Amino acid sequence: MYTQGLDQKSPKKERSRTVEPEARLAAFQATVDAEEKIEPKDWMPEAYRRTLVRQISQHAHSEIIGMQPEGNWLTRAPSLKRKAILIAKVQDEAGHGHYLYSAAETLGTSRDEMFADLISGKAKYSSIFNYPTLTWADIGAIGWLVDGAAIMNQVPLCRCSYGPYARAMVRICKEESFHQRQGFDIMVALSKGTAEQKAMAQDALNRWWWPSLMMFGPSDNESKHSAQSMAWKIKRFSNDELRQKFVDVTVPQAEFLGLKVPDDDLVLDEESGHYQFGKIDWQEFMDVLAGNGPCNRQRIEVRRKAQDDGAWVRDAARAHAAKQSAKAA
């Protein structure tokens, strides 16, 4: 769901750099500029490959880790209908993670490597999932704000220059649209409910607004990889452009709900048609990304335990595959 990791340094040791022929680099860029897809067996610059592995794997990690804060409410959803919808959503997130791991594998990295980097803490995932879900309204806020921000990020990825990633994103974006509507529906119900329920919705908005803006990654002048990724057409819009689009779309939705965005500096610029908003606390972003958020250790520990507890299933599957292969031989 989430791609801010594109702006972080790769946690893996980079492959030894080779001098790549200028003619090949020029031909590659010409293919990209012509809006043609790069496929797994096509030649590509090593830096392009590394960038994609970093972005796609961290995107996959975010989907898998993102199941946890919502999974926290599967047994406590307020109705059977809400529970069924939330179960479907969490299942979707698992599917997204696997689509993305598969896309990353086409670039020559194994799923085992990616999992190992995640549970060791080497790999990054979206900082948004290191915040706790304290009330049912948080599930609404995640769908409305977090998945809304994800859609802003991900719809342009359907036109990514790397074919497997672009094709995976088509289905993912369709399902994310459902997730965003599910979250907004929860916020509508709470906002139209009792005074206590509306206060719960406002509290969730207060806590999730700024982390949602951070999801788009550092400002353009601080983003290390954004310009090159846009030249390669991995990204289509800069971090600040996407963040502005998200604010412009989301503030009227908050007004429809009768909720107040927690930003005293928020104002509509009549001339540009864009909302001007306050300064983001980037130190908080960096602290959470560095592993010091409210739930960082918990998220990784849960993932590590799931990996360990599932070892016997993987061993059994390998043994069965080996047995069947031996029979066939």
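**Close-up 1. Charged groups over aromatic rings.** Lys-245 lies over the face of Phe-237, at 4.6 Å from the ring centre, where a charge is taken to sit over a ring if NZ of Lys or CZ of Arg is within 6 Å of the ring centre and within 35 degrees of the ring normal. In another such arrangement, the charged end of Arg-76 sits over the ring of Trp-73, 4.0 Å from the centre of that ring. The model is a predicted one, in which local features need pLDDT of at least 70 and side-chain atom pairs count only at pLDDT 80 or more, while totals for chains, interfaces and linings use all residues. Residues are numbered from 1 along each chain as its sequence is written, and side-chain values use heavy atoms, with hydrogens and water left out.

Close-up 2. The whole structure contains eleven aromatic pairs, counted for rings of Phe, Tyr and Trp (its six-membered ring) with centres within 6.5 Å, and called stacked when the planes are under 30 degrees apart, edge-to-face when over 60, and tilted for the rest. Among them is the stacked pair of Trp-209 and Phe-246, at 6.0 Å centre to centre and with 25 degrees between the planes. Because Trp-209 lies in helix H8 (residues 195–214) and Phe-246 in helix H10 (residues 239–257), the pair ties together parts that are 37 residues apart in sequence; helices here are DSSP runs (H or I, at least four residues), numbered from the N terminus. Both Trp-209 and Phe-246 are buried, a term for under 20% relative accessible area, with exposed meaning over 50% and partly exposed the range in between (1.4 Å probe, protein chains only).

Close-up 3. Trp-282 is partly exposed, at 23% relative accessibility, whereas Phe-285 is buried, with a relative accessible area of 0%.

**Close-up 4. A cluster of rings.** Phe-28, Trp-43, Tyr-48 and Trp-232 are linked into a cluster by ring pairs.

**Close-up 5. Cysteines without disulfides.** The search of the whole structure finds zero disulfides, a disulfide being a pair of cysteine sulfur atoms within 2.5 Å. For Cys-160, the nearest cysteine sulfur is that of Cys-158, 9.7 Å away, and Cys-160 is buried at 0% relative accessibility. The sulfur of Cys-173 has its closest cysteine sulfur in Cys-158, at 3.8 Å, which is too far for a bond; Cys-173 is likewise buried, with a relative accessible area of 8%.

Technical notes: Helices (H or I, at least four residues) and strands (E, at least two) are DSSP runs, numbered from the N terminus.
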